[in-house]
Amino acid sequence: MDGILNVYKEPGFTSHDVVAKLRGICKQKKIGHTGTLDPDASGVLVVCLGNATKLCDMLTDQSKEYQAVMLLGCVTDTQDTTGKVLLERPVTVDEAQVRQAVLSFVGEYDQLPPMYSALKVNGQKLCDLARAGREVERQSRRVTIHSVTIEEISLPRVTMTVACSKGTYIRTLCHDIGQLLGCGAAMEHLVRTRSGRFEIGDARRLSEIERLAQSGGLSEAILRTDAVFEGLEAAVVLPEAKRLADNGNPLFCEHLQMRRADGKSTEKGIGYADGQRLRVYGADGRFYGVYVWQAQQHRFKPVKLFL
């Protein structure tokens, strides 16, 4: 099977557990996910099957949205409440100070990845080093907090919805907010509500996916690979250029039958901006992949193929 599953990861499962379980349910090995969720976190985990695993890097790069509960007055070694408590302080700040501190993180900032994470330094996972009692130097990474909506403040707890760039650790964000407030903070609860275009309302639990597989209806849960690119204009490879496309070669306008919604001319790429992307299909409906228009060469070059 080729395509994408929007899975609701339940607390207690690792992202790896979900993939391993799906290999058994779908009876295929080629499966990958597009962004790790902590074992105690829940929510959207986008999983790619078959040739859609080529999408993993592209989908991982997309923005995410989370609902989190931050507990003020507590600092732990894991930056969430599952870890060892390192420090406890009284919470003397008021709601206005909390609101100001939280919203000050909207925009870009340099975030230091936590030791308890799957990131690797010199080939070793940081979490493995942390469990061995070792702490190593890490490089800060520039992340973007697109927006924060404070849902509720009931001190010492703050419930908020955070939209952010890839690579953002919400527990580290909570930790950093606590540092700014001077009382410390740890993440108490986390749900990923969106990953790119995939929403939690459409996510399916593993038990539901298993029932669909047993009844022969699994295909209804799998999104086609090309559906991710529905915002791009489409073209069909003409019969005389099929061999070029099958071998992954660049294609010229005369090789394609354009399907432009705006009706503009496509002769020699007129109407296409340099760098504009296009999804390409065979005459039989097979999805070849995504191509990009190179104005100087007057051709479409493959960006990602799904042959």
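Asp226 is buried, with a relative accessibility of 8%. The model is predicted. Asp226 lies in the loop that runs between helix H6 (206–215) and strand S14 (233–237). Its side chain makes a polar contact of 2.9 Å with the side chain of Arg224. Beyond four places in sequence, Asp226 is in contact with Tyr281 and Phe287.

Helix H6 also packs against helix H1 (residues 15–26). The angle between the two is about 10°, and the axes are 10 Å apart. H1 is therefore roughly parallel to H6, as the angle falls under 35 degrees. The crossing of H1 with H6 is right-handed. On the H1 side, the contact involves Val18, Lys21, Leu22 and Ile25. These residues meet Leu206, Ile209, Glu210 and Ala213 of H6. By class, six residues in this contact are nonpolar, two are charged and none is polar.

Lys27 sits in the loop between H1 and strand S2 (31–33). Gln79 is placed in the loop between strand S5 (74–76) and strand S6 (85–88). Lys27 is exposed, with a relative accessible area of 72%. Gln79, by contrast, is buried at 11%, because this value is under the 20% cut-off.

A cis peptide bond links Leu155 to Pro156, with omega at about 15°. Pro156 belongs to the loop between strand S10 (141–154) and strand S11 (157–164).

Note on methods:
Residues are numbered from 1 along each chain as its sequence is written. This is a predicted model: local features need pLDDT of at least 70, side-chain atom pairs count only at pLDDT 80 or more; totals for chains, interfaces and linings use all residues. Side-chain values use heavy atoms; hydrogens and water are left out. Helices (H or I, at least four residues) and strands (E, at least two) are DSSP runs, numbered from the N terminus. Buried means under 20% relative accessible area, exposed over 50%, partly exposed in between (1.4 Å probe, protein chains only). A polar contact is a pair of N or O atoms within 3.5 Å; within protein, one must be able to donate a hydrogen and the other to accept it, and residues adjacent in sequence count only if both atoms are side-chain atoms. Contact means heavy atoms within 4.5 Å. Axes are lines fitted to C-alpha atoms, for helices over the stretch in contact, and angles run from 0 to 180 degrees between N-to-C directions. Angles under 35 degrees count as roughly parallel, over 145 as roughly antiparallel, 65 to 115 as roughly perpendicular and the rest as oblique. A crossing is left-handed if the near helix is turned anticlockwise from the far one by less than a right angle, and right-handed if clockwise. Ala, Val, Leu, Ile, Met, Phe, Trp, Tyr, Cys and Pro count as nonpolar, Asp, Glu, Lys and Arg as charged, and the others, Gly among them, as polar.
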